[in-house]
Amino acid sequence: MKPPPFEYHAPRDLDEALRILAGVRGKVLAGGQSLIPMLNMRLAAPAHLVDITRVASLDALERTREGVRVGAAVTHARAEREGGHPLLTRALRLVAHPVIRNRGTVVGSLVHADPAAELPAVLAVLGGSVRLARWDGARGQVRDVPAHEFFVGPMESAAGPDELAVSAFFPALDERTGHAFHEVARRHGDYALAGVCAVVTLGEDGGVAAARVACVGVGPAPVVADLTGAGAGDWALAAAALSRRVEPEDDIHATAAYRRHLVAVLAERALKEAAGLAERASKEAAGGA
Amino acid sequence: MEHEITLVVNGAARRVRVPARRLLSDCLRHDLGLTGTHVGCEHGVCGCCTVLLDGEPVRSCLTFAVSVDGREITTVEGLAGPGGMSPVQRAFGECHALQCGFCTPGFLCTVTALLRDNPSPTEEEVVEGISGNLCRCTGYQNIVKAVHRAAELIAEEGR
């Protein structure tokens, strides 16, 4: 089908974009790879679309020791090429297909907040944040919303209708840290039936200092769990306990029971791989010191 | 409200008036008469409408024409050179990589960009590269062969 009519705005700078969003009931258009299908299928019919891809300041991708800040206009493909954050890069390869990633944006995926999407889980497991801006009548005001407050429910984020997500911050991985992202989808590039993203950090003594996972497709938003100390180093046990904590639902693609099973299997794989990589990173750190 | 935009399509600047909601796929087909770009699912799944936007493959059905004002687009009509069909096009013919042909324009655009970025892809990279394009006839085996054959042709002719 064809998208319903709308009025198109193409602001050139951030203040102009914020003023427009403050004045109209509209949606932000970035890559459009989730929004335009919804328009084509008439699942959404906003009266105004504000295209932010011509706002040059939103095209920034900043890498620091603390992490990576990704501007709202940065595509998946560019973040994959230049992002330099190993977990983000790995997750991006699971996002749809390369051709979709040429247009889709990282921040757009976060704001879209699909509960089966990979990038919200990455932001959540890392404890990252999204920077939101709005026009207060005289100037732009920004606030940083941490991941655990940002993903409110299925396809629902904390961004208000007059707010623009200008960037997202993905904290860098600590030393002696490994990561993994495993998922099962019916076809490569589809939204996953379930997926688990894991980050494991070892202490100087080689013991587990921190283990966090975020699960996708098994709740209204990414399900984050701290598994530090869980299973006493037995990842299969920790994964099984995790699978009893999630509350997936049945749909036409899979039953709740199957999704729960997947969480146990995928969490074990992800935790083992992350712990193995953390061990290797620890050895390299020790060898390099 | 209509917007007057300029698209550089297959090397030629084209001025066109479109409503904001005009998809790039429809702009190419209806406004510019370039019906080589096919429209299958119209929500980004099938890949038939893939064109090159500033050289990168994108879904033209998930792109508003107005949002790519001023940019360069290559459609399947623009892949052939002055000397005839491109190596990718010839390889598809040679390997029998198409049957009904509906998906072919999307595959040709995707593969053209794939081989430009990665001139000798592995089997896995080929499958990953074309994973966003659906073909209901061939079973993909000959499409994968054609991608490898096209890589050979490009390498031979580049010498």
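This note goes through selected helices of a predicted model.

1. Residues are numbered from 1 along each chain as its sequence is written, while chains are lettered from A in the order in which they are written. Because the model is predicted, local features need pLDDT of at least 70 and side-chain atom pairs count only at pLDDT 80 or more, whereas totals for chains, interfaces and linings use all residues.

2. In chain A, helix α7 (residues 118-126) is mostly covered, with nine of its nine residues buried (20 or more other C-beta atoms, placed from the backbone, within 10 Å of the residue's own; helices are DSSP runs of H or I, at least four residues, and strands runs of E, at least two, numbered from the N terminus). Among these buried residues are Glu118(A), Pro120(A) and Leu126(A), and after α7(A) comes Gly127(A), whose phi is positive, near 70°.

3. In chain B, the buried residues of helix α1 (residues 24-31) are Leu24(B), Ser25(B), Asp26(B), Cys27(B) and Leu28(B), and what covers them includes β2 (12-19) of chain B. Gly33(B), with a positive phi near 70°, follows α1(B).

4. Helices α3 (residues 104-117) and α5 (residues 141-158) of chain B pack at an angle of about 45°, their axes 11 Å apart (axes are lines fitted to C-alpha atoms over the stretch in contact, and angles run from 0 to 180 degrees between N-to-C directions). The two helices, α3(B) and α5(B), are therefore oblique to each other (angles under 35 degrees count as roughly parallel, over 145 as roughly antiparallel, 65 to 115 as roughly perpendicular and the rest as oblique).

5. To this contact α3(B) brings Phe107(B), Val111(B) and Leu115(B), while α5(B) brings Ile143(B), Val147(B), Ala150(B), Ala151(B) and Ile154(B) (C-beta atoms, placed from the backbone, within 7 Å).

Conventions
Buried ≥ 20, exposed ≤ 12 C-beta atoms within 10 Å, placed from the backbone. Contact = placed C-beta atoms within 7 Å.
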